[in-house]
Amino acid sequence: MEGYRQLFKNETDFYNHIVLGSVLPENIWGSLPHVCRTWLRNYVGGIFIYSIIGFLWCFYIYYLKRDVYIRGDVIPSMKTMVLHVRDSMKCLPWLATLPTFSEYAVENGWTKCFPRISDVGLFAYFMYTIAYIVFVELVTYWIHRKLHDIKPLYKYLHAQHHNYNKQHKISPLAGMALHPLDGVAQGAPHTMALFLVPTHFTTHLTFVFLGAIWTANIHDCIDEKLWPLMGGGYHIIHHLSNRHNYGLYTIWMDWMFGTLSHPVHRATKLN
């Protein structure tokens, strides 16, 4: 069992060296405890993912392809995007604690994670991955919905993100512009799943990585239907209505629980 857990630690050590070794001298991070190195890697990696994806996507849709994706004068001002970055930078250190705790729990054998697909077989791997996705979708949906339904939670946590409730107030940089506790709550289902669903560790980390990218995508206000994905066209309806489209990656949970509102043609209309 000790050797089995060591496989997880070897993998996280590898990621720590790749990320931290690329941006910082080893004398800064090399002597830190393993869990601190992991948090620092998640924090630095989060900043890089947020910055690179957010700024490149803004440049692409607002300048290179403005005539394709933007209707009217709905580009956020520079001041608005600076506010997005400011709020996101406040949230990112807290968001980095979630994958850090997940990895710590995995390395100590507290979860149902397995290090190799061959440990369970390909068919079981696919079934477990589907179960993981369904769990994350379901729990994220209800956490997000309750952040709206329970008034104190909305007022003191989620309202900060919904300060940006007009198309010209939302950009790909707004995805992580959250109250830190709001961000942790909505990110928690990825961690919770590890304790309940057998999950391939690298696949879990991949979904966490893709989730960071997805937050930029769904805040681009591009209102095309990407069924069954919860694209920007669906999520802008959520920001405008406050009562539709609570889902994460797909529209399935909103469809199941009666809160789905579709983008119609190239205009945002509410059902």
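Biologist: How far apart are the mean positions of the positive and negative charges in the protein?
Modeller: They are separated by 9 Å, with 22 positive and 17 negative charges counted. Lys and Arg are taken as positive, Asp and Glu as negative, while His and the chain ends are not counted. Each charge is placed at NZ of Lys, CZ of Arg, CG of Asp or CD of Glu. This is a predicted model: local features need pLDDT of at least 70, side-chain atom pairs count only at pLDDT 80 or more, and totals for chains, interfaces and linings use all residues. Residues are numbered from 1 along each chain as its sequence is written, and side-chain values use heavy atoms, with hydrogens and water left out.

Biologist: OK, the fold. How many helices and strands?
Modeller: The protein has 12 helices and two strands, in the order α-α-α-α-α-α-β-α-α-α-β-α-α-α from the N terminus. These are DSSP runs numbered from the N terminus, with helices being H or I of at least four residues and strands E of at least two.

Biologist: Why call it as compact as a globular protein of that length?
Modeller: Because its radius of gyration is 19 Å, close to the 18 Å from the globule rule for 271 residues. The radius is taken over C-alpha atoms, and the rule is 2.2 Å times the number of residues to the power 0.38. Along the principal axes, the C-alpha trace spans about 60 × 45 × 40 Å.

Biologist: And what share of the residues is buried?
Modeller: Of the 271 residues, 48%. Buried means under 20% relative accessible area, exposed over 50%, and partly exposed in between, with a 1.4 Å probe and protein chains only.

Biologist: Which residues touch the most other members of the largest nonpolar core?
Modeller: Val 106, Cys 113, Tyr 132 and Phe 201, in a core of 17 residues. Helices α7, α9 and α10 each supply at least two residues of this core. Another core, of 16 residues, lies apart from it and includes Cys 58, Tyr 62, Leu 173 and Leu 178. A nonpolar core here is a set of buried Ala, Val, Leu, Ile, Met, Phe, Trp, Tyr and Cys residues joined through side-chain atoms within 4.5 Å.

Biologist: What does Val 106 touch?
Modeller: Leaving out residues up to four places away in sequence, Phe 8, Thr 111, Cys 113, Leu 194 and Phe 201. Contact means heavy atoms within 4.5 Å.

Biologist: Switching to α9. Is Thr 191 buried or exposed?
Modeller: Thr 191, in helix α9 (residues 180–196), is buried, with a relative accessible area of 7%.

Biologist: How many residues of α11 are buried?
Modeller: Nine of its 10, among them Gly 232, Tyr 234, His 238 and Ser 241. Their cover includes α7 (122–149) and α10 (201–217).

Biologist: What happens just after α11?
Modeller: Asn 242 takes a positive phi of about 65° there, although Asn 242 is not a glycine. Most residues other than glycine have a negative phi. Asn 242 lies in the loop between α11 (232–241) and α12 (252–257).
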